[in-house]
Amino acid sequence: MPPQNEPTSQSTRAGGPAPEPRTERPAAGRQEPPVPHHTAPQAPHPQAPQRTETLATPSTTRPAAPATPGAAPPTTPQTAPSAAPPAASPAASPTSPAASARDARVRRTADTRALTQVLFGELKRLERGTPEHARVRAALIEANLPLVRYAAARFRSRNEPMEDVVQVGTIGLINAIDRFDPDRGVQFPTFAMPTVVGEIKRYFRDNVRTVHVPRRLHELWVQVNGATEDLTTLHGRSPTTAEIAERLKISEEEVLSCIEAGRSYHATSLEAAQEGDGLPGLLDRLGYEDPALAGVEHRDLVRHLLVQLPEREQRILMLRYYRNLTQSQISQELGVSQMHVSRLLARSFARLRSANKIDA
């Protein structure tokens, strides 16, 4: 055994000739031959048990043939290549902000549904009108407010403040909570969404319009708008009333009524200038004044005074001034004398003048 303080190469332990140790630096341009390494099984060295165990491992080394004099130096043992680390896949990359937000939204939705189910179970056991019932009901409203905001976002294009739309949708949410039955096996969002959207649509139909139109015309106006867009895309021009009526299987009068109803969201002042054409207001372009316009107030006053007269005197006045009959014709129709008709008319005039506070 060689001394422990002297380095022993693997070739010496394997029985091959040991090269002489070089103590001087090789000259420039001269390469030192590689030191051969043998991986043949050998007895463990007392001073390097860990190294001997590594050399004797069959799974990582391949034993070389014993060295003979004159033979070419053995090549360096080839060890089994270690497994390369797997390439980073897209799934292993850090989560994007959009995916994180989506996952957080899904978790919040699941938590809200679970909380809603628990609160409805507790609400069913409580009696209406108690403070506990009001507390649980308020918690249900607050937990499902995101559902109202989601429904209100569908009407963002309308020219209405979003706070008003959310408030109206909250009324629909409260109505849905009061009518919901958890024992029917239906998810609350599925039940509440039509109620919330319906309340918002009713608000736009009844409160936003300054000119109210029938509901049938309002719903048909939506279909007319859709048909107009489709026909414009198909023909490359604005469709006629007949084409829209033929597509929707309705009359042209209904199409015209729907178009007029669609323009009646807001009333326009007669004195307002027309947009685009620069012309004066509609009031300035009227050709004439209605001659009966001044008598509107007088007719309303006469109608109010006539109801204060007896029925026979009302009939005499109607025959005289609305049917333009003479006193003789009135006397023949009523079966009284002409003088009596004249007295009744004079008495009626006196009553009307006394009841007219404007003249008094």
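This is a predicted model: local features need pLDDT of at least 70, side-chain atom pairs count only at pLDDT 80 or more; totals for chains, interfaces and linings use all residues.

Student: What volume does the largest pocket have?

Tutor: On a 1 Å grid over the protein atoms alone, a pocket is an open set of points where a 1.4 Å probe fits, with protein on both sides within 12 Å along at least five of seven lines; lining residues have an atom within 4 Å of a point. A volume is the space filled by probe spheres set on the points, which are joined across faces, edges and corners. Here the largest pocket has about 580 Å³. Among its 22 lining residues, T109, T112, R113, N144 and P189 are the closest to the centre.

Student: Which helix gives the most to this lining?

Tutor: Helices are DSSP runs (H or I, at least four residues), numbered from the N terminus. Helix 3 gives the most to the lining of the largest pocket, with 9 residues.

Student: Is K249 buried or exposed?

Tutor: Buried means under 20% relative accessible area, exposed over 50%, and partly exposed in between (1.4 Å probe, protein chains only). K249 has 72%, so this residue is exposed. K249 lies in the loop between helix 9 (241-248) and helix 10 (252-262), and its phi is near 60°, a positive value in a residue other than glycine.

Student: Where is N324 found?

Tutor: N324 is in the loop between helix 12 and helix 13. With a relative accessible area of 61%, N324 is exposed.

Terms used
Residues are numbered from 1 along each chain as its sequence is written. Side-chain values use heavy atoms; hydrogens and water are left out. Helices (H or I, at least four residues) and strands (E, at least two) are DSSP runs, numbered from the N terminus.
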